[in-house]
Amino acid sequence: MNQPLLAGIAFLLLIGSPFSQAKLNGDFTGYKVYRLTIGSQRQLDLLNRINDDVEHNALTDEVDFWTDIPRRYAPEREQSALIMICPAKQALYLSAFDSESIQYETTITDVATAIEEQSRLAPQDIRAVESGGMTWTAYHRYSTMVSWMHSLRESYPDLVQEMKSIGQSYEGRDLYRLKIGKARADGKTKPAIWMDAHIHAREWIAGATLTYMVNKMVTEYASNSTSRRMLDEIDWYIVPTVNPDGYEWTHTNNRMWRKTRRLNPFSVDIGCDANRNMDHKWMVSGATQTASTETYAGPFPYSEVENIYVTEQLLNLRPQVKSMISIHSAAQMWLLPWGYAFERPADYEDIRRAGQAAVDALTAVYGIRYVVGTVPDLLYEAAGGTLDWAKAKGGVKYTFTPELRDQGFGFLLPPNQIIPSGVETFEAINVIAQIVAREFNPTLN
Ligand SMILES: [Zn+2]
């Protein structure tokens, strides 16, 4: 890339205001999303420089990478990235991409319209909500998810054994956890799998997919042998939304909000990345101490009360929980520990095999391809996440971070893809359930 152009970009990035319109009122009119195809280390380096600039100067209201940018070019697999750019900066960035011959295509022509379409409820969705239920043809508010949990518990009391609040979020919302499974006749304890979603608020498909899978297990227990085996062999602890404050904010104020909503002392910037805030190798890599950035790790480990409650639960449930699956979107990856460094747990091969088997089952449904690997292998080192904490301190063997399908839409995956996402992810989770049952529940074999 020529030097004057690079200097020009750097200058324009620096003069961007961190408090421009979109950040304040969530108006994304004219914003576009592009899919960039990465074909060389040079191209990747340019994207990383832009990403670092954006992070450093808190410009995510103007330019926002929707996919994490890997540090290392991997010719053996397709690498691409989604980037959202505000109207005023589109020409500038596209010319930068051109200068490095980065191929791009527009996947969302107007982000505001896509948000509106994604948030729409059809009459049958509204009817379901009004009667205390939920649908998987629309994305729903936290209160709807809570009502649905209550009604599931009332309708299937022998399968939904428990619905309890494990604590309250910073803004006072109950963090509800379901325990589902069929109690064994002999009263023995079964191995358990923990699943949660929405630690990153804007990743709507994560919670929608999770609740779809729970609904399928419970409501099809009598008719579907897979659902039945999953509930017979495993106890499931489910927290559909671990960051309800952030999730609600994405519905009411800013669709692209990622973090929690806690006030930071001495700062106008709100919240932190709760998935950098766990107390294992906190701040060792891939996180910042700048409150305006998307990967701000918080002022100290566990500064986020939601993280305290989740980790408390996992410690209480130790050693029953054998797998923890914290669902994210959207990169079509099945991430494995460790996240904090290029190191592997001693039982890595077991974890990798399980992850690969899960992804194979997922891909077999609709052909959606995922890559499997540790966070640094596929992206970059990132410390303080659930994945590492659950493995290192929660005593959980199989910890995974699935990054669900994006299909060029990223966080704005249309609601008509919720059920396909649920169907394919259900197959992956079933594989994990079988592995856990085989390994930790020998009496059932
Ligand atoms: Zn995420």
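Biologist: How many bridges join strand 9 to strand 12?

Modeller: Two strands pair if DSSP finds at least two bridges between them. Here, strand 9 and strand 12 run parallel and are joined by five bridges. Strand 9 covers residues 321-329, and strand 12 covers residues 398-404. Strands (E, at least two residues) and helices (H or I, at least four residues) are DSSP runs, numbered from the N terminus. The model is predicted: local features need pLDDT of at least 70 and side-chain atom pairs count only at pLDDT 80 or more, while totals for chains, interfaces and linings use all residues. Residues are numbered from 1 along each chain as its sequence is written, and side-chain values use heavy atoms, with hydrogens and water left out.

Biologist: Which residue stands opposite Glu403 in this pairing?

Modeller: His328 stands opposite Glu403 of strand 12.

Biologist: Which strand do six bridges join to strand 9?

Modeller: That strand is strand 7 (residues 192-197), and strand 7 and strand 9 run parallel. Within this pairing, Ala192 has Val321 of strand 9 as its bridge partner.

Biologist: How many of the residues of strand 9 are buried?

Modeller: A residue is called buried under 20% relative accessible area, exposed over 50%, and partly exposed in between (1.4 Å probe, protein chains only). In strand 9, nine of the nine residues are buried.

Biologist: What feature does UniProt place at Glu403?

Modeller: An unreviewed UniProt entry places the feature "active site" at Glu403. Such positions are given in the numbering used here, feature names are shortened, and annotations may be inferred rather than shown by experiment.

Biologist: Is Glu403 buried or exposed?

Modeller: Glu403 counts as buried because its relative accessible area is 8%.

Biologist: Which residues is Glu403 in contact with?

Modeller: Contact means heavy atoms within 4.5 Å. Leaving aside neighbours within four places in sequence, Glu403 is in contact with residues including Asp68, His328, Ser329, Ala330 and Tyr370. A polar atom of the Glu403 side chain also lies 3.4 Å from the backbone nitrogen of Ala330. A polar contact is a pair of N or O atoms within 3.5 Å; within protein, one must be able to donate a hydrogen and the other to accept it, and residues adjacent in sequence count only if both atoms are side-chain atoms.

Biologist: What is the peptide bond from Ser329 to Ala330, cis or trans?

Modeller: The bond from Ser329 to Ala330 is cis, with omega near 0 degrees. Ala330 is in the loop between strand 9 and strand 10 (333-336). A cis peptide bond also joins Arg318 and Pro319, with omega about 5 degrees. Pro319 belongs to the loop between helix 11 (305-317) and strand 9.

Biologist: Where is the place of His198?

Modeller: His198 is in the loop between strand 7 and helix 8. With a relative accessible area of 1%, His198 is buried. A polar atom of the His198 side chain lies 3.4 Å from the backbone oxygen of Trp204. Not counting residues up to four places away in sequence, His198 touches several residues, among them Met145, Pro240, Tyr247 and Ile327. Arg202 is found in the loop between strand 7 and helix 8 (204-219), and Arg202 is buried, with a relative accessible area of 3%. Among the contacts of Arg202, leaving aside its neighbours within four places in sequence, are Asp64, Arg255, Glu294 and Phe411.

Biologist: Which residues have the most contacts inside the largest nonpolar core?

Modeller: In soluble globular proteins, nonpolar side chains tend to be buried together. A nonpolar core is a set of buried Ala, Val, Leu, Ile, Met, Phe, Trp, Tyr and Cys residues joined through side-chain atoms within 4.5 Å. The largest core here has 62 residues, and Met195, Trp236 and Trp334 have the most contacts inside it. Apart from this core lies another, of 20 residues, among them Leu44, Leu59, Ala81 and Ile85. Leaving aside neighbours within four places in sequence, Met195 is in contact with residues including Leu210, Trp236, Ile325 and Ile429.

Biologist: How far apart do the C-alpha centres of domain 1 and domain 2 lie?

Modeller: Domain bounds come from an automatic or database domain assignment. For this chain, the assignment gives domain 1 (3-118) and domain 2 (123-444). Their C-alpha centres lie 28 Å apart. The contact takes 29 residues from domain 1 and 31 residues from domain 2.
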